[in-house]
Amino acid sequence: MTAFETFQKYYKDRWNYDLVAKDWKEKGGIVIGYPHILAPEEIIMAAGCLPLLMTGDPESGTDVADKHMEYFFTPDVRHLYQALLTGRYNFVDLVCIPAGNDSVARMFYYLYEEKRMDPSLKFGEIYLLDYLHTKFRTHRNYNFGRFVAFKEYLEQFAGKKVTDEALSDAIKITNETKRLLKKVAELRRAEPPKISGVEALQIVMASMLIPKAEYNELLKQFLEKEVDKLPPKKANSIRLFVSGSPIDNLQFYTMLENLAIPAIVVGEDTAFGNRYSDTPVSEEVEPMEALADRYTYKTPDPMMYDIKATVNYRVKAAVEAKAQGEVFFQLQWDDMPAWDWPDQKKELEKNEIQSIAYEFQEYKLSAPGRLRTRTEAFLETITARK
Amino acid sequence: MNQERKATVEEFRGERSLKRLKCSVEATAHAKEEFKVVRARMAEGEPVLFVYIGVPKILLGAMDVLYWDMQQYSALCSAKQMSRYYLDVLNNEGYFRDLCRYCTVPLGYAFDKKPDIAPWGGLPKFAAVIGIHMDDPCMPIWELYAREFGVPMYWIDRAYVDGSGNGDKLADQLWLEYTYGDSYVDPHRLDMMVEEYEGMIRFIETITGKHFSETKLREYMERQNLVSEYQWRATDLSGRTKPCPISWTDALSNVSGIYFPGTEWRVHNAKQYYEEIKDRADKGIGACENEKVRLWWEGHPTWFSLGFYNTWEQSHGTVFLPMYYYAQYLQSNIQRELTHPLRQLARMNARASVMDRIPSVRKHKMLDLAKQWQADGVIWMLVESCKLLYASVLFTREELEKEGVPTLEINADMVDARDWDDTKMKALVTSFIETLMP
């Protein structure tokens, strides 16, 4: 199996215990799941545990989740809630929920209440890791305090002291992952791109599903030996940049890259795409301080202050990817990226990047045909302008 | 009314509510008067702040700082049938339709910049804005207020109850904070909130030239304790009395008091509110002549049609209980421990994150009160654009139904009348009431 096939397999079977956790657990390892890239994987790794991205399944429906979680929670969270309540993640020992946005954070209290009402529910322990919403000094220091509390909790949970050496080692490994993923991003920026959006999304997500050191070796193998073996990309494809809500499955990218007018996703600012690898952790300072800095000062999540900085980051990323058009994708009830959109659109126009917004989308794309038609019309306007 | 505004006002216009109490009429007049006072003092050169509902206004009052509450103006625009106009302004600016509305009606005004058509002559020119994290959209919305008004912003963040959710630890903590809110909050959250307030005080002092006195704050908080005490006693008495002496619409007129807490006038108004209710209760005077059904409307009212809640008083002997505003939290507003008033105020706000966000807390308290106040049914307005106050509804509904309290869910918005179908909503409520009739 090639490295890329391994990435594809992990993406496709990301709920499969035998694939993602069995070996680890049979050696006595602890699995810590997380739903958001704000989770400090380095602390989890330094505690000797396996960090694992948890997502919903667009095909699962939400019938169990809907009993208690209101429909105006974001649909990615409702689907993950469904997965947790139906035992799909029953092998995860601890669910670490960073307070990334309201829907994610409130899921913690909902899970707590579900377990209180029905102790037989098969999901692991839960932990809410709080974050504040700015880069102000006091908020960074608060985040630092919460990281220390999480580290101390993990030491008890895993029965292992988290040393500075272990943290430094974990930081080196995740920095290496980020460094390698930046190479993937560069290959997407090439003309024509060497890697498609669908391929890239699987590569990035696999980094959160495979033990990091093992993943790094696979990614090196991919970069050295496999990139040129990927299907060639059409030189005339229109270069699209994707922005907006977290995208943790292939539906949308698959639609964008399989249209009558060829298009390719050359970058994105979303959580499970290039944003994940944007900012390394400093290896020069005390590791817990470095982690608090990194997770506070990294490229802005939509929930972070301020609009101008966020929009500048997003537009700069689109320009660097040499995008001809931007597609803004908003999941239902995901307010945070949506408040930036009008400013973002204006800035894109200044940079001669045309844009289209798909607002209020379901987690399982409900009208892909309509999206295809709209996107093709959008691509035609880009083509006409060339 | 100019042509532009005329064109935007559609057919439906809300109904005015009944006001049975003298103090309710006075409260409405007083709110308008306070707005005039702000304008008059501003004309003399005093700076005015624009603030969010969760900002500790009692502290601003104690500093003698002029301020205007965003939510109050949002409700006012809605009552004056202008919310749809301002929400349309935002949609035309490119903001999606399904985003938060309660906090953004005045933002429509900020973009529109036409005081001549705005309720009460529009908003004054502010010196700064102060926002606070209540839920996700707050931060960008307040950034936009600051930008559109062209003034600096101070931002108060708010922490979640965090840590492990395993077993009894979280449960104990939540109940400690809920039950003993004036003496216990997780230390790191409390310290954080104190820091946020200290920063805010320096910001306000710099902007306004006014100064902060902890002694003065204590005076305001002592007075506000009296207000909360009267409000709680009035609400509890109304709930326990059959027939219910007043309806929700009477209580809502007095809600404006939350915008100016701790003043002597507020004590006067709250005392009068309690005494008028007690007088009616003693005399057996009810909001309905022949009370048959007592309903609890949980959540905000539809500010654009407060008369909606008087609809069934005559026809069905049905009264909406005067819950004030999230009545289940009223008692916890009383802060007995005032040795360090700023720290106590911070504690109160830090604790609010428990109230807002935790299903287990909300559902038990609400069930207790529904029983004590003999509510025959609970109607839930589910506001999908507001996760802050409308989460935990399903857990709570389930608990109420399980305990024999019937519920009805209505999807609507507190300020946005664009999707409101008055006939349909009244039919829904009528059907529900008819299932509850003795």
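Buried means under 20% relative accessible area, exposed over 50%, and partly exposed in between, with a 1.4 Å probe and protein chains only. The model is predicted: local features need pLDDT of at least 70, side-chain atom pairs count only at pLDDT 80 or more, and totals for chains, interfaces and linings use all residues. Residues are numbered from 1 along each chain as its sequence is written, and side-chain values use heavy atoms, without hydrogens and water.

**View 1. Helix α17 of chain B is largely enclosed by the rest of the structure.** Helices are DSSP runs (H or I, at least four residues), as are strands (E, at least two), numbered from the N terminus. Seven of the 10 residues of α17(B), residues 393-402, are buried. Among them are B:F395, B:R397 and B:E399. Their cover includes α5 (75-85) and α6 (102-117) of chain A. From chain B, the cover includes α15 (359-372) and β9 (407-411). Just after the helix, B:G404 takes a positive phi of about 85°.

**View 2. A:D334 sits in a loop of chain A.** The loop runs between β7 (325-331) and α14 (335-350). A:D334 is buried, at 8% relative accessible area. Contact means heavy atoms within 4.5 Å. Leaving out residues up to four places away in sequence, A:D334 touches A:T74, A:S245 and A:P246.

**View 3. A:P192 lies in the loop between α8 (164-189) and α9 (197-206) of chain A.** A:P192 is partly exposed, with a relative accessible area of 35%. Beyond residues up to four places away in sequence, A:P192 touches A:K233, A:K234 and A:A235. A:I264 is 72 residues from A:P192 in sequence, yet 9.5 Å from A:P192 in space, C-alpha to C-alpha.

Terms used:
Chains lettered and ligands numbered in written order.
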